[in-house]
Amino acid sequence: MGSDSLNKGYEPAGIEEKWYKFWLDNGFFKADDKKDNKTFSIVIPPPNVTGVLHMGHALNNVIQDIMCRYQRLCGVNVLWMPGTDHAGIATQNVVERDLAKKGLTRDQLGREEFIKQVWKWREKSGGAIINQLKRLGASCDWERERFTMDEGLSDAVRKVFVRLYKEGLIYQGQYIINWCPRCKTALADLEVEYEEKDAYLYYIKYPFVNKKKGLIVATTRPETMFGDTAVAVNPDDERFKDLKEKEVLLPLTDRSIPIIQDDYVDISFGTGALKVTPAHDPNDFHLGEKHGLEKLKVIDDDGIMLESAGQFRGLDRFECREKAVKALTDQGLLVKKKPLKHSVGNCYRCRTVVEPSISKQWFVKVAPLAKKASDAVKNGQTRIIPDNWSKTYFEWMDNIRDWCISRQIWWGHRIPVWKCSDCSEIIVEETDPDVCPSCGSKHIIQETDVLDTWFSSALWPFSTMGWPENTDLLKTFYPTNVLVTGFDILFFWVARMMMMGVHFMDEVPFNDVYIHALVRDEHGKKMSKSKGNVIDPLKVIDEYGADAFRFTLSAFAAQGRDVKMSESRVEGYRHFVNKLWNASRFALMHVTSKDINIDYEKLSLAEKWILSRCAHTSLLVKQGIENYKFNEAASAVYKFVWHEFCDWFIETAKPALYDKEGVQRRNCARSVLSKVLNDTVIMLHPFMPFVTEEIYSILPGTNGSVMKASYPYNKKEYGIYRNEVVEKDVQFVFDIISGIRNIRSEMKIQPSMKLKVLAHTEDKREKIIIAENKSFIVNLATLESFYFCETDTIPSSSASSVTGDTTCFVMLEGVVNFDKEIARLEKEVAKNTKELLGVQKRLNNESFLDKAPDNIIQKVKAQHSDLEEENNKLKENLERIVKMK
């Protein structure tokens, strides 16, 4: 088939849409839960139903897609389970904002109607990110798409809650929790994001009861002092060794509170005296439990001061801080205030400052679950890759706190707990009760709270496959092979899936956890809207195509190293797509037979070489993907396609392909070109699915989709084609050609000018290799003649290059005007030296080094190094030309 079957230029948009539809229509993404052949399964980290595709999603899903497409090429039965998360707080906030535009609140609608509105929003807008993942080329089994609030998953959530409750692992209790006054809900520790802010450390005098002297305490939150129920000092603190007082007066109140001793108090911080506020500080809560202190709540769920705040009741907590500080100052009780930077916890959704608060909540007692999940990693049932994250995982698991799972919102899985109004019986069942089982009353009320979003997400690997039913899907694909995720949800999600999987399935949910790095901007900075450095994946796909974007992410996805992304890098890999496209167009002009057999013994050295390199590249790509070294896999195939197949082999094959070396040589070249292009397209398919499908669809001898092709690596073929001796010999020939080309470049000789070259060697093997590949060298180095010579016949006006034990002499007489070249080089040296001195002057300037940003200094140093290297080369060339003259 001729190259007119491929358009002159590759235009991604239409091709991507065409082939994605083709794959869907033909069911190429479907898993078979009845097959008993080798399987590979992944569950997608479910994006929030409110989400839009960002760089983190793109990297995560490209990595998953590479593995799934590769495994299919290896004949494996692949399940990539897709779905979305109901994202409780986030989704509720979105719908509440929509209602606010209509002048409505959720309270005006009522719970039932509000939830209907959320479902309507989900049906209308909730699928956006799924369509965006399809644009990326994600080959999920879309017919199995799940949602954390769908019926099957809801049944699983309820079963898990009830079982954990009956096992004594879920309880309700008063506890210090993180409270968001804006979302009006509890937050798990992991849902609090810390941000460093400027603040003050206030030093406040708490007078002794006799009003003589007192203790000085330091706090960043004076508004919580109204909830103080003790002041603590360390018994080992020398400053309080002779302290006889037992109580202090609580400033701005009429209360006195005890002085307690505890070695928890940090002697080195502040004054050594610690105000203890059990209802509004997690550490103070535990201290209060230990000493039996009252837990006095002074800030309500809206962030407003309660009656217990006395004269400050009704004020917003931050307004109270200001007024309390003024009152302390007026009464001479504020000793001083000192500026400091400290971490402030914010709600991960609305960014409101979180208030630690005492509250009645539902908790999972996680210590027993955590131990089994930790042991599963320690004994190798699950690997965490890169391994350095294992240490972080163990540290968190070993110091885990009970998990607060209740949320005071409406959208989510409502907690399956009922209370009888008549006898106070607590009912926890999988099905909704009609009457109280204890007294028979129908007056039973369901808990209004919903479960933390991460509770349902923790069941994702097995609930999506039909658990609690023992489905064929579960039997075939659980446990999954790998989970691909970012480190930011290692504890939010991964650890909890481990706990639930081991507890309910008696098996780990995945064999491997691959933790990818962050995608940052080209300078290594985190992308954020405020910095204006966010790159929109969809815009990049529109501009450069999905394949170029995917390959860029793959090429930079090194283990443990953040991806530095820029559009210029994507543009660079768009050129790579074009390179493949043009090479394919060229090949299709020559490869026409549908049954081309390779006769290895009749092949040229270059043809044997490209088959060897192709075989080895297929192994490197296989190893890279299977060992989660995606950048190494991408690099191997990139180097092969660009630098070996396109730059070298196609050029060496042209004489034979153009019938200049006879029919036998033409047929050999065609057969090798056909096989290598076929194997290359298949190797590249996991990284660049669209362009490879377009090319594969018209390759002679292919049948159907590239998705149904076989990955080119197999041991038998590898044993036939891989030949390191051939590779070494061809590299020797290439180095000779490169040496001649370098002389041509350094001497500014036109590429089209044919040169005369003499070669000398004492090495018999090198002489044979050169002789057998003379036409190859003459063609690629653009030579008029190429002969062996004795060293004493070498003219003085020649430039030489050495490869192995062979020296090549390029005849320059009549080719180079030595006087003009000397003048040109002297001018270049002078110009370069002047520029070098200017850069050196900047680097010698202490003011510049003190004031300039580090990245600018490094840039100038790099410029100096480049100029110095260029100057040395120019001087060497000048010296060489002068000697020749």
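How many nonpolar, polar and charged residues does the lining of the second largest pocket have? By class, there are 17 nonpolar, 13 polar and twelve charged residues. Here Ala, Val, Leu, Ile, Met, Phe, Trp, Tyr, Cys and Pro count as nonpolar; Asp, Glu, Lys and Arg count as charged; the others, Gly among them, count as polar.

## Basis

This is a predicted model: local features need pLDDT of at least 70, side-chain atom pairs count only at pLDDT 80 or more, and totals for chains, interfaces and linings use all residues. Residues are numbered from 1 along each chain as its sequence is written, and side-chain values use heavy atoms, with hydrogens and water left out.

## The second largest pocket

This pocket has a volume of about 1,100 Å³. Its lining comprises 42 residues, and Thr220, Arg221, Asp281, His342 and Ser343 are the closest to its centre. Seen by element, two or more lining residues come from each of β7 (192-207), β8 (214-219), β12 (273-276), α8 (282-291), α9 (317-330), β13 (334-347) and β14 (355-364). β7 gives the most, with six residues.

The terms work as follows. On a 1 Å grid over the protein atoms alone, a pocket is an open set of points with protein on both sides within 12 Å along at least five of seven lines; a cavity is a set of points where a 1.4 Å probe fits but cannot get out; lining residues have an atom within 4 Å of a point. Grid points are joined across faces, edges and corners, and a volume is the space filled by probe spheres set on the points. Helices (H or I, at least four residues) and strands (E, at least two) are DSSP runs, numbered from the N terminus.

## Cavities

Three cavities reach 30 Å³ or more. α19 gives the most, with four residues. The lining has eight nonpolar, two polar and three charged residues.

The second largest cavity has a volume of about 40 Å³. Its lining is made of Gly88, Ile89, Glu191, Tyr348, Arg407, Ile409, Val450, Leu451, Asp452 and Thr453. Two or more of the lining residues come from each of α3 (88-101) and β21 (450-451). By class, there are five nonpolar, two polar and three charged residues.

## Two open sheets

Strands pair if DSSP finds at least two bridges between them. β7 and β13 run antiparallel and are joined by 13 bridges. Glu195 stands opposite Val344 in β13.

A second open sheet of three strands has the order β15-β23-β22, with parallel pairing. β15 (383-385) and β22 (480-486) stand at its edges, each with a single partner strand, so one side of each is left without a neighbour in the sheet. Its neighbouring strands are turned by 20° against each other on average, direction ignored. Three bridges join β15 to β23 (residues 510-516), and the two run parallel. Arg383 stands opposite Asp512 in β23. α15 packs on this sheet and touches β22 and β23; its direction makes about 165° with that of β22.

## Helix packing

Two packed helices are described by the angle between their axes and the distance between the axes. Axes are lines fitted to C-alpha atoms, for helices over the stretch in contact, and angles run from 0 to 180 degrees between N-to-C directions. Angles under 35 degrees count as roughly parallel, over 145 as roughly antiparallel, 65 to 115 as roughly perpendicular and the rest as oblique. Contact means heavy atoms within 4.5 Å.

α10 (residues 367-378) packs against α15 (residues 490-505) at about 95°, with the axes 8 Å apart. That makes α10 roughly perpendicular to α15. α10 makes the contact through Leu369, Ala370, Lys372, Ala373, Ala376 and Val377, and α15 through Met498, Met499, Val502 and His503. These contact residues are eight nonpolar, one polar and one charged.

The axes of α17 (residues 546-555) and α22 (residues 689-696) come within 7 Å and cross at roughly 125°. The two helices are therefore oblique to each other. Ala546, Asp547 and Arg550 of α17 meet Pro689, Phe690 and Val691 of α22. This contact has four nonpolar, no polar and two charged residues.
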